[in-house]
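Work through the exercises below with the sequence and the model open. Try each task before reading its solution.

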Amino acid sequence: MLSAAEMPSVETLAAANRRLKEWVAKRPRVQVVPLSKFMRTVMANQALAMRGFVLPAGKTRRLIQDDKLHPTAPGCATLALTILDAFQSSASGLAESAVYWDAQKVLSRALETLRQEQATAVKKENP
Amino acid sequence: MESKTVQQQYQRGRRLLGALVACSWVLLAPGLRGDATNELKYVPPCRALSAAALANHLPQPGFDAPADGSALDPGDSATILVTQFEKGGHHNQWLIYLEVVPPTERERASRENQPKTIYTTFGHKLEFASARTFVKVRTLGPFVEPEPNRHPPLVEDESARVALDTGFLSLGFDRAAALLCRVHQFQSDAKIQGSFGAGESPFPKAQVAAGRQFAAAYHITDAEERALAGMSPALQGYFGLAEETPVLNKILFKVFDAPSVWSLVRAGHMPSVAIAAGAPTPADPGDWRLPPTSPVFRFPWTIAINGHPALELGAIVTAPRPPFLLTGGVVSLLAANPNDKKKYLTLYVVGARHGGGAANQAPDSPALAAGPPEAKSPEESGSPCDRIVLIGASVTHGFTASEPFGGTNTAHYNLDRYFDAALRIPHHSISNFGNSFFFLQADSLGEQQIERALEAKPTLVVGVDFLFWFCYGKGFDEKARLQHFEKGLQLLEAIP
């Protein structure tokens, strides 16, 4: 949780966002992902839709931890897809079929990999 | 004058700790159920402490896998976060860093400790060998969170060399805890009463007879008896660290409820000290960032002086295998004043590292918190996601408030895992250079991350929170925030 002293004013944030837009405009290879929209939707527990997959209203607040700053594990999956969505849409050359767009599937795959890594670590410890 | 008073307190504290370790005996008391660890309150390190750890190049927090054997090597280390709680909700924090060092000629030639002889109520005389390991102890603190009407204390940086009794520490508490769990369960089912005692002189015949009945009722083996009796020298080894560390000694005795003890010590009398062990319960290794197969127990003790409870202890213990041997396998300890629960302190081992290569290969080090080590495809696929590099702060690195220094659970939040899981196409391992401490030094860490990102020859760089601390954070007015933001953009210019 951030303290008030760590937060920029609304005007400063707006100025920084304007400057970012200006900076990006000169760099066609840079893509900005509008995180503020993502955060607003999630904090309001509103529905989130991406490429045909919908997380209904009432189910999105759990994407962010209680500190209102860091994503939970399902939130990490959704955030990664949000970034890949913006990147794929920007004529990046990344095929749409190159990504699993189902956040639930991405979460399961990530946790399974983690489980395997931890099991391998245990095996190394106790061969 | 101040330093003289502090010195006197330290000397008094040493004398009482000396008395404690000399007189201690352990009583198996399954009826004792108080468990201070249930109230264990974790306070994350304050920012000033984290900044000091970073500035002083202390090792990355986190644990290396425990090694076999009972020998520590030079360079093996443990980092302990000490938090002292006071009335009014204030707390002070210290960081204690222990590192094994080779002994000097003088240390090598100094007198060895004597083995410890323990008599038990089972009628046996057991001997425990002592072994010294020389350790450099560095203490940084006290640190406090800034408060409007409170002057921050002067932060001290003290270093000392001490001899830890790793012979005693290697006895640990985990095997005794495992036995006590069984006894406690058995007692609940069979309603068998009794106790185990250990001390420095033989017990009366009647007590030995009762003890043997107790041993038979609970099927306690010789090895288990040794594990129980070994708690006394293990505690001696553990308190030996407090005895030799002035800061720890001082704050431990602020918590102790022993006004009468002070008068006894001052008058030169040896107080009667007893340590009662309560009923341990198994704990989840994952909660303590330990490998899943580690034995972990919550273990309560009460220290009584002249028959009165003077200190309640709640420990989390694991096997004392290196590098955890440095603390006798104690992963955390809560010490509370039994008559004033607002006075307590917690000790958390936040780092335990091997001195060799392992210390430099911290599993949770931000630089290494990347995806699976094997590349999905060593071939260049030509995909824009072929070599993804992540840069930024805690969202990128992965963060959970329960593990501010990182740990097993933090691995669930490494953003690279989710990119890796989302891609259906072959790609190289994703490099995650994110750092949860980015907020402390955004400029220098940002520069380092960009350099590393360029070295990785990325096809895609993701900096989802890279610019965050160039706009947010303390110590900036609004104009300075925008100037700092510009600095962040300048750093990003280096990426073609």
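**Exercise 1.** What percentage of the 127 residues in chain A do buried residues make up?

*Solution.* This is a predicted model, in which local features need pLDDT of at least 70, side-chain atom pairs count only at pLDDT 80 or more, and totals for chains, interfaces and linings use all residues. Residues are numbered from 1 along each chain as its sequence is written, while chains are lettered from A and ligands numbered from 1 in the order in which they are written.

Step 1: apply the cut-off. A residue is buried if 20 or more other C-beta atoms lie within 10 Å of its own, exposed if 12 or fewer, and partly exposed in between, with C-beta atoms placed from the backbone.

Step 2: read off the share. Buried residues make up 23% of the 127 residues in chain A. For chain B, they make up 50% of 496 residues.

**Exercise 2.** Which helix supplies the largest share of the side of chain B that touches chain A?

*Solution.* Step 1: 36 residues of chain B are in contact with 43 residues of chain A.

Step 1: helices H11 (394-397), H12 (415-422) and H14 (478-492) of chain B each supply at least two residues of that side of chain B. The largest share, six residues, comes from H12(B).

Step 2: sort the side of chain B by class. It has 25 nonpolar, six polar and five charged residues. Ala, Val, Leu, Ile, Met, Phe, Trp, Tyr, Cys and Pro count as nonpolar, Asp, Glu, Lys and Arg as charged, and the others, Gly among them, as polar.

Step 3: look at H12(B) itself. Eight of its eight residues are buried, so H12(B) is largely enclosed by the rest of the structure. Among them are Arg417(B), Tyr418(B) and Phe419(B).

**Exercise 3.** At what angle do H1 of chain A and H14(B) pack, and how far apart are their axes?

*Solution.* Step 1: axes are lines fitted to C-alpha atoms, for helices over the stretch in contact, and angles run from 0 to 180 degrees between N-to-C directions.

Step 1: H1 (residues 10-25) of chain A and H14(B) pack at about 25 degrees, with axes 10 Å apart. H1(A) is therefore roughly parallel to H14(B), as angles under 35 degrees count as roughly parallel, over 145 as roughly antiparallel, 65 to 115 as roughly perpendicular and the rest as oblique.

Step 2: list the residues. Thr12(A), Ala15(A), Ala16(A), Arg19(A) and Trp23(A) of H1(A) meet Glu478(B), Arg481(B), Leu482(B), Phe485(B) and Leu489(B) of H14(B). By class, this contact has six nonpolar, one polar and three charged residues.

Terms used: Contact = placed C-beta atoms within 7 Å. Helix = DSSP H or I, 4+ residues; strand = E, 2+ residues; numbered from the N terminus.
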